[in-house]
Amino acid sequence: MSKKEKGIVYLVGAGPGDRDLLTLAAEKAIKSADVVVYDRLVSDEIMELIPADTKLINVGKNVGNHPVPQERISEILVEEAQKFKKVVRLKGGDPFLFGRGGEELQLLVSNGINFRVIPGITSSIGAATYGGIPVTHRDFCSSVHMITGIGKRGTDPNINFPALVELNGTLIFMMSVGSIDYISSGLLDAGMDPKMPCGVVENGTRSYQRKVISTLENLASDVKQNSIKSPALIIVGRVCSLSEDFDWFSKLPLIDKYILVTQPKSKASRLADLIRDAGGNPILYPVIETKYIKPINPPIDDFKVLAFTSSVGVESFFDDLIEKGKDARSLSDKIIIAVGSQTAAALKKFGVIADFVPSKFDGKTMIKEFAKSGKVTPEDGVLLLRAEKGSEETIVELENWGARYMDYPVYRTNYVEHDPLDMDNIDWITFTSKSCVFGLLSTQDKDMLKDKKALCIGRQTEDLASENGFKTYVSDEATIVSMLDKLIELSGGHDE
Ligand code: SAH
């Protein structure tokens, strides 16, 4: 490759961990990269944003668990830029704050490689904020200082403690858990008040964040007693006295809860986002994937009623209709019925308002209630547009009614292969359909799932989960928002 053809390296800050603290520029970069070179400070939920076909290089750990040496990382960037157009070097926090971003850029510069830099929210401020600690406050200080607890190549950081004490500002020590004795005795020896408030924030901005509030004289023992581990910030300064009043994060209702989301990947983001907003930790574990059946030729002219039981069914049907150069006007003389508000919402996207939505989230109730509504005669006919191998109960209900019908599959559900999960760490499993229950059962040892708490979207899903040994709960309504409400209600201590 000539010099001109070399790729661009984006040096990108990923922020402290919470996915929502990623900048728009960073999100854009990681979604369009050919290669992402990352390390251990980048959170899993940010890694999940990277498309599956992107080449990933982990420089956080290599064989033997030692990080890849810095010189080698810089070389990797040069090598990848010679092979690919867009290389993202993704780093925790901000790339230039103790992130060695400068060192990596120097090698790019000397190799004539183009680069851009996208700043990130540094953990030194972001993690402090999520711990309820504002890094400055006019009543307490007029400066803030970031200090590393590790010197170059692991040497003593050689901190000028008397100077720091004299500054009277907020001190934020990073990479300092291992040198906590050195730091606290250094500050005390330099004359800092032993009662100076201190805060420690471990894994800041993540659902499993921990915080310890202390005073300088107890700081080292509190860090050890609580087994604080990296990554953690050690904050010394009077602003730490505000941390109880300003703590909003640890009060979020799903804080530190690990919640398994079994929905297909294409659907999971809504529930996962709501869980995250409530402080929880969604574990994306799609156990099924849905695939449109193609080609299809549903005989819509032969039936008065079109019945949809899921949003995927709607999407597959309209995908085909539009491919054939038609649109919602082809359905103008039809009665459209739909199970659940999500299915009705999917229809609306294609310009169709469902004529009938049953009171409960299942196909059986849909037919039962619709039959009673007297809108059509059984002879008018029902075309069921749904998954291959859909529930038998719906068919039974159509037969009870004496309706002319056709069960027409428009999509199929496949199980996704997975390595078994360590279920001990999971607080909740969520099931948004019966196939998710079957899917999870197909990947896990059934005994490991026994008595696990499962929140289900409807009665039918709940019955199936319960028959298979889960301890089941059901949301009040068949919506994702209602599932979230139920998770919050049940996490409020009623069920433990
Ligand atoms: N460039 C990064 C810092 C890299 S140095 C930034 O701007 O945040 C690594 C140190 O950052 C860790 O030892 C720890 O002190 C701090 N750190 C990084 N992520 C953190 C987090 N989520 N919570 C608390 N501290 C964190």
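## Close-up views of a predicted model

**View 1. Glu79 on its helix.** Glu79 belongs to helix α3, which covers residues 70-83; helices here are DSSP runs of H or I with at least four residues, strands are runs of E with at least two, and both are numbered from the N terminus. This is a predicted model, in which local features need pLDDT of at least 70, side-chain atom pairs count only at pLDDT 80 or more, and totals for chains, interfaces and linings use all residues. Residues are numbered from 1 along each chain as its sequence is written, and side-chain values use heavy atoms, with hydrogens and water left out. Glu79 counts as partly exposed because its relative accessibility is 32%; buried means under 20% relative accessible area, exposed over 50%, and partly exposed in between (1.4 Å probe, protein chains only).

**View 2. Lys450 in its loop.** Here you can find Lys450 in the loop between α15 (446-449) and β19 (453-456). Lys450 counts as exposed because its relative accessibility is 52%. Lys450 and Lys471 are 21 residues apart in sequence, and their C-alpha atoms are 7.7 Å apart in space.

View 3. A ligand nitrogen atom lies 2.8 Å from a polar backbone atom of Leu97. The ligand exposes 540 Å² when taken alone, and the protein buries 95% of that (Shrake-Rupley method, 1.4 Å probe).

**View 4. The shell around the ligand.** Of the 19 residues around the ligand, Asp94, Leu97, Ser123, Gly204 and Ala232 come nearest; a residue is near if one of its heavy atoms lies within 4 Å. Two elements, α5 (123-130) and β10 (232-236), each give two or more residues to this shell. What kinds of residue make up the shell? Eleven are nonpolar, seven polar and one charged, with Gly counted among the polar residues.

**View 5. Stepping back to the protein.** The protein has 17 helices and 20 strands. Its C-alpha trace spans about 90 × 65 × 45 Å along the principal axes. Of its 496 residues, 52% are buried.

Key: Polar contact = N/O pair within 3.5 Å; in protein donor to acceptor, adjacent residues only side chain to side chain.
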